[in-house]
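Hello,

Here is the structure we talked about. My notes follow below it.

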Amino acid sequence: MGSGWSSEEERQPLLGPGLGPAPGAAWRSRGEAAAAAVVLPAAAPSPGRVYGRRWLVLLLFSLLGFVQGLVWNTWGPIQNSARQAYGFSSWDIALLVLWGPIGFMPCFAFMWLLDKRGLRITVLLTSFLMVLGTGLRCIPISDLMLKRRLIHAGQLLNGLAGPTVMNAAPFLSTTWFSADERATATAIASMLSYLGGACAFLVGPLVVPAPNGTAPLLASENSRAHIKDRIETVLYAEFGVVCLLFSATLAYFPPRPPLPPSVAAASQRLSYRRSFCRLLSNLRFLMIALAYAIPLGVFAGWSGVLDLILTPVHVSQVDAGWIGFWSIVGGCVVGIAMARFADFIRGMLKLILLLLFSGATLSSTWFTLTCLNSITHLPLTTVTLYASCILLGVFLNSSIPIFFELFVETVYPVPEGITCGVVTFLSNMFMGVLLFFLTFYHTDVKGSCLNSVSIVKNKTLNKN
């Protein structure tokens with residue numbers, strides 16, 4: 001941290017005299033900083049230590065990200081039911097999802113807080129915002145107009161929690177985990193937020209009956225009052241889980257371990273201001289950031305309103321939910337496996353990304369041609385929709401932790417929270433643009449944008 005943006009206590013050496021990196025070590029890559037531990041004098045103590053409690057910290061943070069993603073994606077999978085229960089319009093449904101990227105507007109303030117005050121204060125503020133947001137949605141009011149406003153306000157507060165749960169994973173992994181566990185920890189912490197969004201595709205359609213007759217077991221109960229009661233059950237359950245996580249975080253979430261796990265974790269980092277100068281002047285970083293932000297932002301927004309997009313091709317709410325669920329779950333599983341593979345084999349991050357996005361390009365092309373069946377005359381069936389969407393989600397979502405590691409390696413010693421904050425801000429900006437576009441043109445847009453951005457990304461990665 002820079003001397004102008006951290007307290008005197010935070011600037012004290014973490015490893016003690018003789019154990020920290022040399023004065024010029026802060027300008028080396030994380031791999032070089034970790035390798036420096038090998039050349040320390042044989043009589044010197046170990047340069048770092050890992051603690052068993054690191055898994056508890058990772059679990060609490062990952063669960064917080066899981067629930068934040070679950071709350072963010074509450075309304076997209078049940079948009080037909082929400083329209084009948086609360087009188088939501090297409091604009092309302094898109095805006096409820098859009099509050100997620102809008103919540104990233106103060107992203108740089110959260111990055112500053114993470115850089116200046118550390119992980120505990122930032123996570124506590126994030127969880128408190130989630131408590132307020134989910135609580136507002138549960139206030140029992142009969143006035144539907146006021147109820148809709150409270151739901152929108154709650155979604156915005158939950159969106160404000162997004163910068164921390166999506167940006168701080170590399171910071172947490174560097175602070176608590178050794179070099180051979182960092183990519184895995186980053187993958188778990190970052191992918192659980194997406195897994196929460198995936199579970200919303202499962203929980204919503206299974207708990208809330210659909211008014212379009214896609215849930216035959218509940219067809220006789222699909223009255224407006226019953227649908228509203230089931231939605232409120234989901235809202236109360238989410239509020240209870242968020243309160244439980246806030247209590248656990250308040251009881252135990254240390255800002256950092258007593259001793260850092262590696263030399264890289266104890267290395268001096270750039271100040272907040274110098275970090276932005278370094279990022280904006282690094283052309284390679286900016287190219288990789290765009291290669292991440294455009295396709296991942298578009299896909300995240302597209303997934304959030306998948307039911308809205310697939311309705312014109314007569315895909316039911318339940319089928320759209322299962323497609324979204326399995327596409328994200330598959331991406332999470334493959335992403336964690338890829339990250340574990342990257343922990344053992346260094347120097348292959350670009351190759352892994354190229355392979356993943358080659359598969360994403362083929363999958364998005366398949367999906368696009370299938371949806372344009374009036375032109376291509378390809379069969380539009382449930383099997384083709386499931387297969388193309390799930391493969392697309394697997395290839396795109398599994399690239400997220402690999403990208404995070406590549407970002408941090410590229411611009412070290414810029415703090416991890418600032419680096420990932422910039423790229424996720426860009427990603428959410430493109431997500432917001434897509435959702436705004438779909439608000440007015442969702443009946444005409446099915447999937448061609450995914451095909452285009454995947455091809456663009458492959459070209460960008462090849463240039464780097």
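This is a predicted model: local features need pLDDT of at least 70, side-chain atom pairs count only at pLDDT 80 or more; totals for chains, interfaces and linings use all residues.

**Overall**

The fold has 22 helices and zero strands. The protein has 464 residues, and 59% of them are buried. Take the contacts between residues at least 6 apart in sequence: 85% of these join residues at least 24 apart. The accessible surface is about 18,000 Å². Carbon and sulfur atoms account for 69% of that surface.

**Core**

The largest nonpolar core holds 117 residues. Trp75, Leu172, Ile231, Tyr292, Trp302 and Phe407 have the most contacts inside it. Leaving aside residues up to four places away in sequence, Phe407 touches Phe285, Ile288, Ala289, Tyr292, Thr419 and Val423. Ring pairs also place Phe407 in a cluster with Phe285, Tyr292, Phe357, Phe403 and Phe404.

**Aromatic pairs**

The whole structure contains 16 aromatic pairs. One of them is Phe108 with Phe425, a tilted pair at 5.0 Å centre to centre, with 50 degrees between the planes. This pair links distant parts of the chain. Phe108 sits in helix α5 (residues 107–117) and Phe425 in helix α21 (residues 416–441), 317 residues apart. Phe108 is partly exposed, at 28% relative accessible area. Phe425 is buried, at 17%.

Trp322 and Phe325 form another pair. Their ring centres are 5.8 Å apart and their planes stand at 90 degrees, so the pair is edge-to-face. Both residues lie in helix α16 (residues 317–344). They are three residues apart, about one turn of the helix. Trp322 is partly exposed, with a relative accessible area of 27%.

**Two loop residues**

Val305 is in the loop between α14 (283–304) and α15 (306–310). Val305 counts as buried, at 1% relative accessibility.

Tyr252 lies in the loop between α11 (224–251) and α12 (263–266). Tyr252 counts as partly exposed, at 33% relative accessibility. Together with Leu56, Leu59 and Leu63, Tyr252 forms a nonpolar patch on the surface. The accessible area of this patch is about 320 Å².

Best wishes

Notes: Residues are numbered from 1 along each chain as its sequence is written. Side-chain values use heavy atoms; hydrogens and water are left out. Helices (H or I, at least four residues) and strands (E, at least two) are DSSP runs, numbered from the N terminus. Buried means under 20% relative accessible area, exposed over 50%, partly exposed in between (1.4 Å probe, protein chains only). Contact means heavy atoms within 4.5 Å. Accessible areas come from the Shrake-Rupley method with a 1.4 Å probe; for residues, only the protein chains shown count as cover. A nonpolar core is a set of buried Ala, Val, Leu, Ile, Met, Phe, Trp, Tyr and Cys residues joined through side-chain atoms within 4.5 Å. Patches are made of residues with over 30% relative accessible area and no salt bridge: like charges are joined within 9 Å, nonpolar side chains (Val, Leu, Ile, Met, Phe, Trp, Tyr) within 5 Å. A salt bridge is a side-chain nitrogen of Lys or Arg within 4 Å of a carboxyl oxygen of Asp or Glu. Rings of Phe, Tyr and Trp (its six-membered ring) pair if their centres lie within 6.5 Å; planes under 30 degrees apart count as stacked, over 60 as edge-to-face and the rest as tilted.
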